[in-house]
Amino acid sequence: MKLGTLTIPSTAALAPMAGVGDAAFRRICKQFGAAYLVGEMASSKGMHYSNRKTAELLGVSDEERPIAVQLFGDDPAIMAEAARRALEFGPDVIDLNMGCPAPKVAGNGGGCALMKNPLLAGRITEAVAKAVPIPVTAKFRKGWDEEHVNAVEFARIQQESGAAAVTVHGRTRQQFYAPPVDLDIIAAVKAAVSIPVIGNGGCIDVQSVKKMYDYTKCDLVMVGQGALGRPWLFAQLDAYFTRGELLPEPPLAQRMEVMLQQFALACSLKGEGQAMREARKHAGWYMKGMRGAAEFRRRAGQLTTLEDARVLARDVLAANPSDC
């Protein structure tokens, strides 16, 4: 897929996930072959008022490239200003969040609320595209609800407003993350615009990603929740789409090694206290499906140090010797 001067392989990209897709997780996904990364969304108004936490969300490293930083908001001028300031962090792409269903975002006019005002969304994209010299993309949903499905119209306005590509999540805001994912709407968007279309929603394994490509004819597939606790999914997708090879799930010992690598990296980036509080949910995802998972997830929710995680990993391996 061509995105400005970038060429991105049609394997899989990592979706933006607030509170989850931090730099440590992104780098692990990149090591496993993620073709493109999108960082956690940052508030344009937070940047306008020099919010330090917002600035922390935008930091990128060379080992994460190609990478987009994602902004949300509902004011074209403030979004343009935020995009210009985001350039200080060196992103390859600016992505505009027009699909977040969270009440604190959509309830304030940002995220998916923009789908109720496609012309304002277009003015935002136009303002940002004029403000920065790098590609600007937009991520949105099928529509607000089943009575207001407007992704095709929305995509056309985004293209006319200067978007270099669009990402379509095949669910409405009303659904949040509940099934089903509408592949027909993604296919309809692909048929309606000439810019690249990235398909998103329900992609959790090789089979579902292949179905997204085959059915919608999209240019790239974005994986989100399917990679939580399973960043090696990107290696499986890369192997399949580049070599036709189906890789098995890694043994449990390797899974625990990857988990600890992610947590150690997070500690080095943000300090052990914050990193391990945020690691608790990731540990729970890494424990999914193993013997004794319920008890191990309970312990994961109490992690405070990296050593706690090492002890937990050793106990997991001891309880599951046949899977190592």
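## Q70 and its partner

The side chains of Q70 and D95 are joined by a polar contact of 2.7 Å. Keep in mind that this is a predicted model. Q70 sits in strand β5, and with a relative accessibility of 1% it counts as buried, because the cut-off for that is under 20%.

What else does Q70 touch, leaving aside residues up to four places away in sequence? Besides D95, the list has P16, V38, G39, E40, M41, A42, L96, N97 and K139.

Helix α4 covers residues 76-86.

Which residues of α4 are buried? They are P76, I78, M79, A80, A82, A83 and A86.

## Where α6 meets α7

Now for α6 and its contact with helix α7, which runs over residues 151-160. The two axes come within 9 Å and cross at roughly 30°. Angles under 35 degrees count as roughly parallel, so that is how α6 and α7 lie to each other. The crossing of α6 past α7 is right-handed.

On the α6 side, the contact is made by P118, L119, A121, G122 and T125, and α7 brings in E153, F154, I157 and Q158. Sorted by class, that gives five nonpolar, three polar and one charged residues.

Key. Residues numbered from 1 in each chain as written. Predicted model: local features only at pLDDT ≥ 70, side-chain atom pairs only at ≥ 80, totals over all residues. Heavy atoms only, no water. Buried < 20%, exposed > 50% of the residue type's maximum accessible area, 1.4 Å probe, protein only. Helix = DSSP H or I, 4+ residues; strand = E, 2+ residues; numbered from the N terminus. Axes fitted to C-alpha atoms, helices over the stretch in contact; angles between N-to-C directions. Parallel < 35°, antiparallel > 145°, perpendicular 65-115°, else oblique. Left-handed = near helix turned anticlockwise from the far one by under 90°. Contact = heavy atoms within 4.5 Å. Nonpolar A, V, L, I, M, F, W, Y, C, P; charged D, E, K, R; others polar. Polar contact = N/O pair within 3.5 Å; in protein donor to acceptor, adjacent residues only side chain to side chain.
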